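Work through the exercises below with the sequence and the model open. Try each task before reading its solution.

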Amino acid sequence: MPPDMWGPRLKWMNRVAQKLESRPPSSGYRPPLEGRWKVLIDKTHHHRSTLNMLNALDLQAVDERGRAYKADPRVLSNWYSFGKPVYAIAGGSVQNANGEEPDAPVGKLGKKTNAVSIVHPNGEVSNYTHLKQGSVTVKKGDQVEAGQMIGRVGNSGQAVIPHLHFSIFVSRVKELPITRDLDHQADNLFASIPVYWEDFRLVRVGRIKCNVHVIRGRPQENWIMEFNELKEESAR
Ligand SMILES: [Zn+2]
């Protein structure tokens, strides 16, 4: 895209973002992970470049001190995220699932990504991307329950370090009836909406430690959160 397209495109994207901000938050979604995770800052603003990434979250597993890996970071398996289980945020039906693409080495962008998407009864679609090769446990058409494991975090596709790229999609046609503007991104059938999860603990905001039980909240860049273990979840 020529640089002079960025102005109008960003302006348009901001308008779309505002529109999506004004929809009522979704409810009934648990976090897709367990343990301690950080929301990465979108330093390159790549999430602002397309409709389906607009409200995506990049999540990285961290230890007590906020570190994302041990020993040599060039080794994929030294990253705490790599291989961590990923769970359905709510029940639904699997719309797409693929898990055969290789995990790229650290620092190198891969080609195609492994991903799962699930349609929920309210019509929203949750999407889990960069999954580990061979880890996906569901296939198209499967019915899944909330909290069911669907795969593991990996480094497939356009990722340079292991992390989960997570989004919730709505049909852009239904939700954004400003079709002339949307011709900017005719290839995007879905728009990603603000993500709200229920029942987690906020333990750090940047360098500030805290300890807040969030009943329902929208994870922000640089937050470190603790998600319940699934065992506790099912014992309730
Ligand atoms: Zn991302």
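**Exercise 1.** Which residue in strand 5 does N96 stand opposite?

Solution. Begin with the ground rules. The model is predicted, so local features need pLDDT of at least 70 and side-chain atom pairs count only at pLDDT 80 or more, while totals for chains, interfaces and linings use all residues. Residues are numbered from 1 along each chain as its sequence is written.

Step 1: find the strands, which are DSSP runs of E with at least two residues, numbered from the N terminus, just as helices are runs of H or I with at least four. The chain has 13 strands and 4 helices.

Step 2: check the pairing, for which DSSP must find at least two bridges between two strands. Strand 4 (residues 92–98) and strand 5 (residues 115–119) are antiparallel and share 5 bridges.

Step 3: read off the partner. S117 in strand 5 stands opposite N96.

**Exercise 2.** Find the bridge partner of V116 in strand 6, then describe the turn between strand 5 and strand 6.

Solution. Step 1: strand 6 covers residues 125–129 and pairs with strand 5 in the antiparallel sense over 5 bridges. Step 2: the partner of V116 is Y128. Step 3: the two strands form a hairpin with 5 residues between them, and G123 in the turn has a positive phi of about 90°.

**Exercise 3.** Which residues touch the most other members of the largest nonpolar core?

Solution. Step 1: a residue is buried if 20 or more other C-beta atoms, placed from the backbone, lie within 10 Å of its own, exposed if 12 or fewer, and partly exposed in between. Step 2: a nonpolar core is a set of buried Ala, Val, Leu, Ile, Met, Phe, Trp, Tyr and Cys residues joined through C-beta atoms within 7 Å. Step 3: the largest one has 43 residues, and V86, V116, Y128 and I150 touch the most other members. Step 4: take I150; leaving aside neighbours within four places in sequence, its contacts (C-beta atoms within 7 Å) include V86, V116 and Y128.

**Exercise 4.** How many residues of strand 12 are buried?

Solution. Step 1: strand 12 spans residues 208–217, and the count of buried residues among its 10 residues is 0. Step 2: its antiparallel partner is strand 11 (residues 197–205), joined to strand 12 by 7 bridges. Step 3: L202 stands opposite V212.

**Exercise 5.** Is D199 buried, exposed or partly exposed?

Solution. Step 1: D199 lies in strand 11. Step 2: D199 is partly exposed because 15 other C-beta atoms lie within 10 Å. Step 3: its phi is near 60°, a positive value in a residue other than glycine. Most residues other than glycine have a negative phi.

Definitions and conventions: Contact = placed C-beta atoms within 7 Å.
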